[in-house]
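Please look at the sequence and the 3D structure shown below, and keep both in view while reading.

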Amino acid sequence: MTQDELKKAVGWAALEYVPEDTIVGVGTGSTAAHFIDALATIKHKIEGAVSSSEASTEKLKGYGIPVFELNSVDSIEVYVDGADEITKHMHMIKGGGAALTREKIISAVAKTFVCVADGSKKVDVLGNFPLPVEVIPMARSYVARELVKLGGDPVWREGVITDNGNVILDVHNMKIVDPKQLEHDINMITGVVTNGLFAHRGADICLLGTEQGVVTMKP
Ligand code: 5RP
């Protein structure tokens with residue numbers, strides 16, 4: 001199977017976790033896009049969605065799925081999103097698609113985070129994938145210097161502006177042995193909006209696409 005077929009398999013498998021008559025949290029990226037395709041087939045059974053990016057919002061609206069502002073929603077039962085890396089502890093690196101801040105906000109609200117990922121995303125130690133950090137534009141150089149002090153090699157993702165009007169630094173060469181501590185330490189740097197470590201709020205369930213089928217991981 002191709003990587004995209006594995007992503008499609010988990011995107012569709014996540015439908016099982018969507019309760020009827022609720023507003024569904026929807027992530028960003030190619031795996032989340034497959035989930036949106038699947039969600040469209042049951043759109044009459046859900047109230048609508050809250051979206052983590054302009055790109056996902058556009059796709060949801062294209063299917064006629066109502067998209068709600070998060071501020072107008074009291075609770076979200078389930079949030080479905082991809083990951084760039086995930087460990088057996090359900091800690092993740094996210095933000096390859098630059099949507100990490102909205103993803104983190106929706107996952108904070110959601111009761112259950114269902115991660116959908118192809119098998120290549122499962123790792124023993126986070127950090128091979130460069131860690132995305134969303135930064136207020138005027139703080140870019142300062143934050144980069146502080147990230148070097150934390151042991152990383154930040155690279156400005158030139159040409160990319162997030163949906164929130166900020167920039168992304170991708171931090172290379174970090175072997176992340178204590179994801180919760182690093183998530184906290186990076187967020188303490190003034191000018192950082194948030195970073196792509198999802199350790200304090202990791203996934204509750206991960207559907208992993210493998211050659212043997214969809215494997216369900218839980219902490
Ligand atoms: C976007 C994300 C995505 O979930 C992550 O990059 C995985 O993407 P894909 O499903 O395309 O492999 O965090 O900000």
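## Reading the model

This is a predicted model, in which local features need pLDDT of at least 70 and side-chain atom pairs count only at pLDDT 80 or more, while totals for chains, interfaces and linings use all residues. Residues are numbered from 1 along each chain as its sequence is written, and side-chain values use heavy atoms, with hydrogens and water left out.

Helices (H or I, at least four residues) and strands (E, at least two) are DSSP runs numbered from the N terminus. A residue is called buried under 20% relative accessible area, exposed over 50% and partly exposed in between, with a 1.4 Å probe and protein chains only. Contact, or touching, means heavy atoms within 4.5 Å.

## The aromatic cluster

A pair of aromatic rings is described by the distance of the centres and the angle of the planes. Rings of Phe, Tyr and Trp (its six-membered ring) pair if their centres lie within 6.5 Å, and planes under 30 degrees apart count as stacked, over 60 as edge-to-face and the rest as tilted. A search of the whole structure finds two aromatic pairs. In one of them, the ring centres of Tyr79 and Phe113 are 5.1 Å apart and the planes stand at 80 degrees, so the pair is edge-to-face. This pair links distant parts of the chain, since Tyr79 belongs to strand 3 and Phe113 to strand 6 (residues 110-118), 34 residues apart. Tyr79 is buried, with a relative accessible area of 0%, and Phe113 is buried with a relative accessible area of 0%.

Phe113 also pairs with Phe198: the ring centres are 6.5 Å apart and the planes are at 90 degrees, so this pair is edge-to-face. Here too distant parts of the chain are linked, with Phe113 in strand 6 and Phe198 in strand 11 (residues 197-198), 85 residues apart. Phe198 is buried, as is Phe113, and Tyr79, Phe113 and Phe198 form one aromatic cluster.

## Charges over rings

A charge sits over a ring if NZ of Lys or CZ of Arg is within 6 Å of the ring centre and within 35 degrees of the ring normal. Lys94 lies over the face of Phe198, at 5.6 Å from the ring centre. Elsewhere, the charged end of Arg140 sits over the ring of Trp156, 3.6 Å from its centre.

Asp81 is found in strand 3 (residues 76-81), and Asp81 is buried, with a relative accessible area of 0%. A polar atom of the Asp81 side chain lies 3.1 Å from the backbone nitrogen of Thr28. Beyond its neighbours within four places in sequence, Asp81 is in contact with residues including Thr28, Lys94 and Phe113.

Thr112 lies in strand 6 and is partly exposed, with a relative accessible area of 23%. Although Thr112 and Tyr79 are 33 residues apart in sequence, they are 6.2 Å apart in space, C-alpha to C-alpha. Not counting residues up to four places away in sequence, Thr112 touches Glu77, Val78, Tyr79, Arg201, Asp204 and Ile205.

## A covered helix

Helix 2 (residues 30-40) is mostly covered, with eight of its 11 residues buried. Among the buried residues of helix 2 are Ala32, Phe35 and Leu39. The elements that cover the buried residues of this helix include helix 1 (3-13), strand 1 (23-26), helix 3, strand 3 and strand 6.

## Positive phi in two loops

Most residues other than glycine have a negative phi, and most peptide bonds are trans. Ala98, however, has a positive phi near 70 degrees, and Ala98 lies in the loop between strand 5 (92-93) and helix 4. Ala98 is buried, with a relative accessible area of 12%.

Asn173 has a positive phi of about 60 degrees, although it is not a glycine. Asn173 lies in the loop between strand 9 (167-172) and helix 6 (179-187), and Asn173 is exposed, with a relative accessible area of 60%.

Methods: Polar contact = N/O pair within 3.5 Å; in protein donor to acceptor, adjacent residues only side chain to side chain.
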